[in-house]
Amino acid sequence: LIEVVDFMFASLLNRDYSGDFTPVRDLRPENLALDFQLMNWVMDNQEVAVLPISVDIEDTRLRSLLFLPYGKSHIMLLWLEQEAEEFTREQEAHLSVLCREMAGALETYHYHEQLDKTRAAMSDIIESVPLGIIALDHAGCVLMINSTAEIALNVRRQEAVGSIYHLALPAAMAELLTKMIAEKSAEEEELVMTSLNDEDQYLGVTVSPMQTADDSGNSGYVVVVRDLQLSREVQKLRTLDTMKNDFLSLVSHELRTPLTSIMAYSETLLMDDNDNVPKEWREYLDIIHSEGKRLCRLIDDVLDLTKMEAGKLTYDFEMHDPNEVIGTVVMTLMPLLEGKNHTLDLDLAEDLGDCRISIERFSQVANNIISHAIKYTDNGGHICVKTYRAAPFPGSKFPTFFLDVDVKGLGIVQTKW
């Protein structure tokens, strides 16, 4: 540049996407102002321009200002002692060629910089994938291997990259790859290897052809290695869970048959017109009957649990007064209440009316909440069961209510229905 034109001061600036200029290198006095409008025109037209300095400046030696655009993003300004009219066409031609070369060099630099960033990002992504990844060229040389594959196959990246996979990978892995490549198998194959602690390690291996960008053919292979241990454990847990559900369902149904007979016979013996049962036996029959009911409820709870896990739990909704259900639940819990010497108050809303509820499910919820309050409150406690109206659910035309169970003012449970 100095060989083509002699300058006193220079400034190299970068123009961003918004049109603002940022100095990259600034070798000029502060009193030399910049004409941004003219700089934009020069960069948009990509032409070398030299203009006389028309404003008064302290340095009287400066006669003209030369604008050199380097592509769409950079521009260089040179302050000259030379008059603008003395600037020759030969100098302009040389500087135009130089600007194009500089623009190309800057574009190449930015391209390589972006390429390096992209490669680094891709490398980080591949290293973060929880799968072993190996890339082979068409001749079988290892192009890339990530850290997950290093650990799974017990190889070192420095030794593997650039080597034929027969030499770089364990014999069992190399033999399997040869077979899969020859058969063009796209299915996952299982490989059993011995880990560092002499335990069998089960790996799933998949080989996929690596296509070129122009679809001209196969340029190599991508090998994916995954640990099958986790998937085996998950499958085992799922199998056990299914077996548990089947067992609970079978046992529950098998228990129902004899229990139904016990309930029927006990009800028959407890009939008022049955004089064949001594009075002293009726107490024991009452216990048998009540415990049979409790066992029926427990079996229903087990069946409901299996239905919930299978997503098949049903709700039979109907219009009913929730206060009646709560009253029935409290009556069934009275023996438990008296056994702990508790006092229980019912504060049930009189304006509640009929609500759309599943009586069976609501009874379960109310029974669980109130019975827990009774069981886990110290002897002589005070429990208050309260219902009251609430704002209806959005889009619902049915009344909505709250069920509160309060223990000594602690507000243990609040359920909205």
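Predicted model: local features only at pLDDT ≥ 70, side-chain atom pairs only at ≥ 80, totals over all residues.
Student: What percentage of the 417 residues in the chain is buried?

Tutor: Buried means under 20% relative accessible area, exposed over 50%, and partly exposed in between (1.4 Å probe, protein chains only). Of the 417 residues in the chain, the buried share is 33%.

Student: Is L237 buried or exposed?

Tutor: L237 sits in helix α7, residues 228-269. Its relative accessibility is 57%, so L237 counts as exposed.

Student: Where is Q46, the residue with a positive phi although it is not a glycine?

Tutor: Most residues other than glycine have a negative phi. Q46 has a positive phi of about 50 degrees, and Q46 is partly exposed, with a relative accessible area of 35%. Its place is the loop between α1 (36-45) and β3 (49-52).

Student: And N154, buried or exposed?

Tutor: N154 is not a glycine either, yet has a positive phi of about 60 degrees. It lies in the loop between α3 (147-153) and α4 (157-160). With a relative accessibility of 56%, N154 counts as exposed.

Student: Now for the largest pocket: which residues are the closest to its centre?

Tutor: On a 1 Å grid over the protein atoms alone, a pocket is an open set of points where a 1.4 Å probe fits, with protein on both sides within 12 Å along at least five of seven lines; lining residues have an atom within 4 Å of a point. The largest pocket has a volume of about 1,300 Å³, where volume is the space filled by probe spheres set on the points, joined across faces, edges and corners. Of the 35 residues that line the largest pocket, the closest to its centre are K293, R294, R297, T332 and N367.

Student: Which helix gives the largest share of that lining?

Tutor: Helices α8 (279-310), α9 (322-332), α10 (334-339) and α11 (359-375) each supply at least two lining residues. The largest share, 13 residues, comes from α8.

Definitions and conventions:
Residues numbered from 1 in each chain as written. Heavy atoms only, no water. Helix = DSSP H or I, 4+ residues; strand = E, 2+ residues; numbered from the N terminus.
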